[in-house]
Amino acid sequence: MKKMCYLALCAALVFTSLSVADIPAVEELVSIGDKHTESAPGASRKAFGQAEAVEKIAEKKLATEMPARAERKAQAPAAEAAQRIEAYVQWACMIADNDIHGYSQGAENATANHPYTGSREGPDFDCSSLVYHALDHAGFPIIAAWQKNPDYYERYQGRQVTGDADTIWPDMQRIGGFTRYSWEAVKNDLRRGDILCYPEAHVAIYIGNGKTVEARGVNNPRGGAWRTGDQGGEIDYYDAYGRSWTEVYRYTGE
């Protein structure tokens, strides 16, 4: 009989949510089950009492754990979204904190008045390429989405690796998960990781406390130069408010 009891216990551990910590409680109920079935003929009745005891423990444990499990399951998507947002914010901040990264729209776009050098895809970036690479680093396939955008060929004949401020939203629509708001609708409720955009000219990443991280340009308020690397405030932290933003793109997972 004892052997059958422990076989039932082992089965409970394997096929229910019971753990080793529940063994004393199971043994106690099994003992109670045994007392209620001692007068019954045959081993099958006693085994039934043992199994019934194990089932009661399992039901009690499930009743206790199910709400917590449901809550964890509900919180999982939000936690994953927060991790991905933090990944692209941290990447952009890392770029801003290292002066080997400055502002450039690429030597291929240089003019007499804007003698850019190097590449806009790293180590230097412009406003939109910084955002594209930050999102891509966090696992959002937005660069691949840009390369499916008709503008990839129509504007640049397939030669520009990342898009512009006015192509970010169409590319976000291709990958999904982002929601577009007007600046006026959410300006008083900005969240870390929001993408602030004036599609005709500029884009930045909101990092909280009224600040952005962004590739501001050579002619920024803190100075710069046309050579590679940051010679002032080319990629830096700036005030988010008092600017010309018209749209905000927020990762919601929807």
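This is a predicted model: local features need pLDDT of at least 70, side-chain atom pairs count only at pLDDT 80 or more; totals for chains, interfaces and linings use all residues.
Within the structure, twelve aromatic pairs are found. The rings of Tyr116 and Trp226 are 5.3 Å apart at their centres, with their planes at 75°, so this pair is edge-to-face. Distant parts of the chain are linked by this pair, the two residues being 110 residues apart: Tyr116 belongs to the loop between helix H3 (43-96) and H4, and Trp226 to the loop between strand E4 (211-215) and strand E5 (235-239). Tyr116 counts as buried, at 9% relative accessibility, whereas Trp226 counts as partly exposed, at 25%.

For Phe140 and Tyr251, the ring centres lie 4.9 Å apart and the planes stand at 75°, so this pair is edge-to-face. Because Phe140 is located in the loop between H4 and H5 and Tyr251 in strand E6, the pair ties together parts 111 residues apart in sequence. Phe140 counts as buried at 3% relative accessibility, and Tyr251 is buried with a relative accessible area of 15%. Arg84 is positioned over the face of Phe140, at 4.0 Å from the ring centre. Arg250 lies over the face of Tyr181, at 5.1 Å from the ring centre.

In helix H7 (residues 168-175), the buried residues are Ile168, Trp169, Asp171 and Met172. These residues cover an arc of only 160° around the axis, which puts them on the same side of H7. The elements against which the buried residues of H7 pack include helix H4 (127-137), helix H5 (142-146) and strand E6 (247-251). Gly176, which follows H7, has a positive phi near 80°.

Terms used: Residues are numbered from 1 along each chain as its sequence is written. Side-chain values use heavy atoms; hydrogens and water are left out. Buried means under 20% relative accessible area, exposed over 50%, partly exposed in between (1.4 Å probe, protein chains only). Helices (H or I, at least four residues) and strands (E, at least two) are DSSP runs, numbered from the N terminus. The arc is that of the directions from the helix axis to the C-beta atoms. Contact means heavy atoms within 4.5 Å. Rings of Phe, Tyr and Trp (its six-membered ring) pair if their centres lie within 6.5 Å; planes under 30 degrees apart count as stacked, over 60 as edge-to-face and the rest as tilted. A charge sits over a ring if NZ of Lys or CZ of Arg is within 6 Å of the ring centre and within 35 degrees of the ring normal.
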